[in-house]
Amino acid sequence: LFSLLFSILAFSQNFYETKWNKVAESYSEGLYKSTLPLIIEIQNQAIKDGNDAQLIRSLKAEFAITKDTKDDVKNDLSSVFFAKIENTEKLLKGENLLLFQILKMEFVNDYFSQNSWKISQRTNSDNGRLSEIELWTKLDFKNFFNKEFAYFETKNAELKKIKLEKFSPIFEGDRDFQFYNTLYEWKTNQFIKYLRSNYIFTNDEQEINDAKIISLYDQLIESNSGNSKLYFQHQKINFKAEKSLIKDKLPELQTLLNSNVNGDYKIFIAHDIANILNGKKERKNAVELIRKVKAEYPTSKFLNNIVNLENTITRPSIKLQYQHNIEPEKPIHLVAEHANISQLKLEIFKIDDLNKNLKFIRGLEYFGIGEYDYYENVGIDEKIESKLIRTETISLPNLGDFLTKKTALDLKPLERG
């Protein structure tokens, strides 16, 4: 009996892994909608197995696809999905049910955000059944959220005891998930999203909500440490800046970066600071900060974004502008717009029969011959018949400040012909 039970469990686990791997492969190829049959297959098997985690994960994946589907022939795709949500809720119990109810609010909020323009045109208030969500008015959505969040207020003590880590497969691909420790924190995240809605609430209500949101962030900050504390502090600063509750978020971010709270989440804070400095053309300071943070957290999994920003700032670039008509035996005037380059090597070729070789100059019809830049908008095919007549090596000022400069250049005249 034990052997049979083990075989069944092994089969089920292998089934889910195989199917999700196929889903991931299709995602990587950009074939999102074609994964829906696979996801429904996982869903049906999960119901048969009584596997709550796989059922919830499959519904989350299904919603990610259906909410962006445009070819809704019967105009009921969302109602069909939310009817499934209502039915699934009846199958779950305990912690899984609480998680699912919070995810249900996430689904409804996403649907509302994406369809608010259609919702604004509805006038007849419905009975609030999820299976008829495509008939809901703005008031129906507000009533739904108020009722759900009031219910969860009674569950706060229970939610604070439920660790979110056990549900990590359900949230695969969600970067911010790792900074939430309990189901209470994830619920609070959904509540903040709701309170931030500019469409549901009046201006007066939004002012009250802003104060409530800051209070919620303060609670999350107080109850956390390390990366999670830094994450919520960061979110609070961004929110206050968005609402113009602070004049300049740069000093706030710098204070947070230099705080005594430890954690490699500081890489994200440094990224925001460096991005602001880059926008202010203080690129040397931005690069110094990036390199300092890279040295502090050399093995962090969060380094990728900040490395990409560093590469963007330090990437060599050059764009040349020159006269369209160059007279023989007169100096050639050029302007080089350049960054992070100290030397330019310029090769001048002669084409004896231009008409014969025009077909080898790509992009000419769009960009003309007056400008050539490092993006290679205009390029020369190797098949062109030409001969090298001169090579110029030109020094360019590079102050190491990563700023773009313009330098006027004069080249020796070309001989006639």
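Mentor: Buried means under 20% relative accessible area, exposed over 50% and partly exposed in between, with a 1.4 Å probe and protein chains only. Of the 417 residues of this protein, 43% count as buried. The model is predicted, so local features need pLDDT of at least 70 and side-chain atom pairs pLDDT 80 or more, while totals for chains, interfaces and linings use all residues. Residues are numbered from 1 along each chain as its sequence is written, and side-chain values use heavy atoms, without hydrogens and water.

Trainee: How many helices and strands does the protein have?

Mentor: The protein has 16 helices and eight strands. They are DSSP runs numbered from the N terminus (helices H or I, at least four residues; strands E, at least two).

Trainee: Why is Ile102 called buried?

Mentor: Ile102 is found in helix H5. Its relative accessibility is 0%, which is under 20%, so Ile102 counts as buried.

Trainee: What is Ile102 in contact with?

Mentor: Contact means heavy atoms within 4.5 Å. Leaving aside neighbours within four places in sequence, Ile102 is in contact with Phe152, Leu159, Leu183, Trp186, Lys187 and Gln190. Lys187 is 85 residues from Ile102 in sequence, yet their C-alpha atoms are 6.1 Å apart in space. In the whole protein, residues 24 or more positions apart account for 62% of the contacts with a separation of 6 or more.

Trainee: What makes a set of residues a nonpolar core?

Mentor: The residues must be buried Ala, Val, Leu, Ile, Met, Phe, Trp, Tyr or Cys, joined through side-chain atoms within 4.5 Å. The largest such core here has 92 residues, and Phe82, Val108, Phe141 and Phe145 have the most contacts inside it. Helix H5, residues 94–119, gives the most to this core, with 11 residues. A second, separate core has 12 residues, among them Ile332, Ala336, Ile394 and Leu409.

Trainee: Which residues does Phe141 contact, leaving aside neighbours within four places in sequence?

Mentor: Phe141 is in contact with Val108, Tyr111, Phe112, Ile119, Arg122, Ile133 and Trp136.

Trainee: Why does Asn340 count as buried?

Mentor: Asn340 lies in the loop between strand S2 (332–339) and strand S3 (343–350). Its relative accessibility is 17%, under the limit of 20%, so Asn340 is buried.

Trainee: Why is Lys284 called partly exposed?

Mentor: Lys284 has a relative accessibility of 43%, which lies between 20% and 50%, so Lys284 counts as partly exposed. Its place is in helix H13, residues 283–296.

Trainee: Which residues does Lys284 touch, not counting those up to four places away in sequence?

Mentor: Lys284 touches Gly400, Asp401 and Phe402. Phe402 is also one of the residues that Asn340 touches. The C-alpha atoms of Lys284 and Thr314 are separated by 9.5 Å, with the two residues 30 apart along the chain.
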